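Open the structure in your viewer and keep the selection tool at hand. Each stop below says what to pick next.

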Amino acid sequence: MTRLPAAQALAILALVAPCAAFAARPFNTDDARVVDPGGNQIEAYVKDQHGSRQTEYWFLPAKNFGGALDRFEFTLGGNYTQIQGGSDTNVVVGQVKALLKPLETNGIGFALSVGVARLKPGAETVVSTPEGLVDVSGGTTSNTVRYNPYFNAISSVSVLDDAVVFHFNAGATRENAEKRTIGNWGVGAEIGITGRVFGIAEGYGVSEQKPAYQVGIRYWAIPGNLQVDATYGYQHSSPDNLSWISVGVRILW
């Protein structure tokens, strides 16, 4: 079988968000924000990768129940991945994100996300981390369903009256098949261009892997309700360098 490549963008969020932690599209690096109290969100995107050819399809619904839980965002979603020359696979992810300190204009915000990824038997050594899917080199194919828990510490910093917002992540995933812990990190910036258009730039990665880099654009077709976005990413990897494009939507109500 062909192994899945090294670090790839999600989706999510995340956790979710993630997701998938699943960041707000089109980021992989998560932000210190949650869906508005009582609100709902759906993020969906397609990512087409070259170098090691595969296509990912992500669908990540999220909910804020409001009331006593108004600082919590709950996500349950996943992906389906088509792999050229290998076996298709899928991941299901559940995540809870807690807002510890709301982000204010020219201030700093903090959040924490925890979640678990379910991987089907035969998914080789793919692991879902807060910074995307990774291939654990030298691992073995699992014959059982695996549940890999993770956490992600998140901070966001607003400068220039929200014209630029920086995001910082650090976390880890427990890969239960091999009893090992995989660290992750991410640094991103969202840059206001017009009232509806934002540019994004980020670098992110996991332990023992080369960093990945991504740039993109976010456009609010209906401010506060419908966002469309696109990215281009690159990672120096062995045996092939990886590049990808993604297009997605984010719906809030």
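**Ground rules**

This is a predicted model: local features need pLDDT of at least 70, side-chain atom pairs count only at pLDDT 80 or more, and totals for chains, interfaces and linings use all residues. Residues are numbered from 1 along each chain as its sequence is written, and side-chain values use heavy atoms, with hydrogens and water left out.

**Stop 1: the whole chain**

Switch to cartoon. The protein has 14 strands and zero helices. Both are DSSP runs, numbered from the N terminus: helices are H or I with at least four residues, strands are E with at least two. Along the sequence the pattern reads β-β-β-β-β-β-β-β-β-β-β-β-β-β.

Now show the surface. The accessible surface comes to about 10200 Å², and carbon and sulfur atoms hold 62% of that. Accessible areas come from the Shrake-Rupley method with a 1.4 Å probe; for residues, only the protein chains shown count as cover. Of the 253 residues, 54% count as buried. Buried means under 20% relative accessible area, exposed over 50%, and partly exposed in between (1.4 Å probe, protein chains only).

**Stop 2: the cores**

Select Tyr-45, Trp-58, Leu-60, Val-91, Val-93, Ala-117, Leu-119, Leu-133 and Tyr-150. These nine residues make up the largest nonpolar core. Such a core is a set of buried Ala, Val, Leu, Ile, Met, Phe, Trp, Tyr and Cys residues joined through side-chain atoms within 4.5 Å. Strands β2 (54-63), β4 (89-101) and β5 (108-119) each supply at least two residues of this core. Another core, of five residues, lies apart from it; Ala-32, Val-34, Leu-99 and Ala-111 are among them.

**Stop 3: the surface patch**

Pick Leu-100, Ile-108, Phe-110, Leu-112, Val-114 and Phe-151. They form a nonpolar patch on the surface, with about 490 Å² of accessible area together. Patches are made of residues with over 30% relative accessible area and no salt bridge; like charges are joined within 9 Å, nonpolar side chains (Val, Leu, Ile, Met, Phe, Trp, Tyr) within 5 Å. β5 gives the largest share of the patch, four residues. Zoom in on Leu-112, which sits in strand β5. Leu-112 counts as partly exposed because its relative accessibility is 34%.

**Stop 4: salt bridges**

Side chains of opposite charge can pair when their charged atoms come close. A salt bridge here is a side-chain nitrogen of Lys or Arg within 4 Å of a carboxyl oxygen of Asp or Glu. The count comes to eleven.

Which residues pair with Asp-31? Arg-33 is one, with the closest N and O atoms 3.0 Å apart. Lys-97 is another, at 3.1 Å, N to O. This second pair links distant parts of the chain: Lys-97 is in strand β4, Asp-31 in the segment before β1 (40-50), 66 residues apart. Asp-31 is buried at 7% relative accessibility, and Lys-97 is buried at 1%. Arg-33, at 30%, counts as partly exposed.

Next, select Glu-56 and Lys-47. Their side chains meet in a salt bridge of 3.6 Å, N to O. Glu-56 is buried, with a relative accessible area of 0%; Lys-47 is buried too, at 1%. Then widen the view: salt bridges that share partners join Asp-30, Asp-31, Arg-33, Lys-97, Glu-190 and Arg-218 into one network.

**Stop 5: Ser-156**

Ser-156 is in strand β8 (residues 146-159). Is Ser-156 buried or exposed? Ser-156 is buried, at 0% relative accessible area. A polar atom of its side chain lies 2.9 Å from the backbone nitrogen of Ala-32. Leaving aside neighbours within four places in sequence, the contacts of Ser-156 (heavy atoms within 4.5 Å) include Asp-31, Leu-103, Val-165 and His-167.

**Stop 6: Thr-231**

Move to strand β13 (residues 226-235), where Thr-231 is found. Thr-231 is buried at 6% relative accessibility. Its side chain has a polar contact of 3.1 Å with that of Gln-214 and one of 2.5 Å with that of Ser-246. A polar contact is a pair of N or O atoms within 3.5 Å; within protein, one must be able to donate a hydrogen and the other to accept it, and residues adjacent in sequence count only if both atoms are side-chain atoms.

**Last stop: Leu-252**

Leu-252 is found in strand β14 (residues 242-252). Leu-252 is buried, with a relative accessible area of 15%.
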